[in-house]
Amino acid sequence: MRVELTEMLWFEQHAVSLSELAELTGLSAATLEELVSCGAIEPIDADDPQPRFGAAALSAARHAHRLSEDFDLDTQALPLVLGLLERIDGLELQLRALRARLPGRIR
Amino acid sequence: MKYKDYYAVLGLERGASDEQIKKAYRRLARKYHPDVSKEAGAEEKFKEVAEAYQTLKDTDKRAAYDQLGVQRPGEEIRPPPDWQQHWQPSGDDAFSAEGLDLSELFERLRGGRGRGGGVHASMPGQDYEIAVPITIDDAYGGTEIDLDLNMPEYDAQGQLRRVPHAFKARIPKGASDGQRLRVPGKGGKGFNGGRNGDLYLNISLRPHPLYRASGHDLYLDLPLAPWEAVLGTSVEVPTPGGPVRLKVPAGTQAGRQLRLPRRGLPTPKGAQGDLFAVVLIVVPSVVSEAEGALYRQLESVSAFDPRAHFSEEGSHAR
């Protein structure tokens, strides 16, 4: 018997508070606040007194939790690793876009 | 349960020091961690490494593991009753290794995290993340996929077990490469009032024989015969929504991109990407005598010099 999944959310449609982000990712609120203050995780609107976080933040925070657990990373090293991973993601996206524009091989 | 050689997984001898175990784990984690590794099968390999490290880094668990003796990996083993009695989680007289696999067994032993917080503590369910490869046609029209997942889940006693779950998931149209879907509450069940985990679906697009995707735009090679490119033509072009006619202007150069607006992939917000036909000029590898004669005639009457810029650029350089 298969259960139907109906409520599916695109990451892009997310907007969660800091405490929800903590609950969703397993990171402590204190660690999250630190990652936000150094810019590794960015709220949708930096001037919002009650910051909301979107898809990119959820993805980065999940990465942060896994990396800190599996590599014992401290809050100094985490932002550095997150920043580098983000750059790699961006470069890979660009690479895929450029590859799509190149003519394929003619059989 | 099947025996696993945790030392071999980490590439170590049995007598390895704690420092050597930590070093081996760090080296292998850097190589295989799914967030930083591009190696094929990295995720599976990392799970093995992490499982071995979880047991060997803990003095008690390592001693318990060592007392199982050296077996061949994959061999069926059953921990003897006195072993179970000695290592059972404190306060759990009903502890049984029956039906557990080796990782579950060590998860629960003394000092294990599974019940470390006490039987009554609530624990959030585990998140579960899976890769979902779909075709470009699936992304265009939406699709249904069957998921058979083995999710780590807490049972009534608060113990982690792998529980099979079968889902049917509707992937709405508008998916693109690298997009993610979150299904709230459909990961592992929480224990004792803890929230249920979430299920994360990472969408990737399978390579398509005709189209290449870039975000929601699609690229298609459009091969033209030399005379079609010179004289212009109208060709039928396949698109995911069905074939359309495309006017190729006279004098179309190779590499030019002819845009078909809103013939790419739909976006979740209801917009639609474009389809770009990338012009290639192709020539027949074999020509008939009559064709050959016409090409030679063309050669003799044409003043076209495709490499005129060579001499111009060359003279600039001097």
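## Contact between the chains

How many residues of chain B are in contact with chain A? In this predicted model, 31 residues of chain B touch 24 residues of chain A. On the chain B side, the elements that give two or more residues are strand 3 (160-171), strand 4, strand 6 (211-214), strand 7 (217-224) and strand 11 (275-281). Strand 3 of chain B gives the most, with five residues.

Sorted by class, the side of chain B that touches chain A has 16 nonpolar, 11 charged and four polar residues.

Strands of a sheet pair through backbone hydrogen bonds, in either the parallel or the antiparallel sense.

## Pairing, strand by strand

Which way do strand 2 of chain A and strand 4 of chain B run, parallel or antiparallel? They run antiparallel and are joined by two bridges. Within this pair of strands, Leu9(A) stands opposite Arg182(B). Arg182(B) also has a bridge partner in strand 5 of chain B, namely Tyr200(B).

Strand 4 (residues 180-183) and strand 5 (residues 199-205) of chain B are likewise antiparallel, with four bridges between them. Leu181(B) stands opposite Leu201(B) in strand 5 of chain B.

## Chain A as a whole

Chain A has four helices and four strands. Along the sequence these follow the pattern β-β-β-α-α-β-α-α. Among contacts in chain A between residues at least 6 apart in sequence, 54% join residues at least 24 apart.

How does the radius of gyration of chain A stand against that of a compact globule of 107 residues, and what is the value? Chain A has 17 Å, whereas such a globule would have a value near 13 Å. The C-alpha trace of chain A spans about 55 × 45 × 35 Å along its principal axes. Of the 107 residues in chain A, 23% are buried.

Note on methods: Residues numbered from 1 in each chain as written. Chains lettered and ligands numbered in written order. Predicted model: local features only at pLDDT ≥ 70, side-chain atom pairs only at ≥ 80, totals over all residues. Pairing = 2+ DSSP bridges. Contact = placed C-beta atoms within 7 Å. Nonpolar A, V, L, I, M, F, W, Y, C, P; charged D, E, K, R; others polar. Rg over C-alpha atoms; globule rule 2.2 N^0.38 Å. Buried ≥ 20, exposed ≤ 12 C-beta atoms within 10 Å, placed from the backbone.
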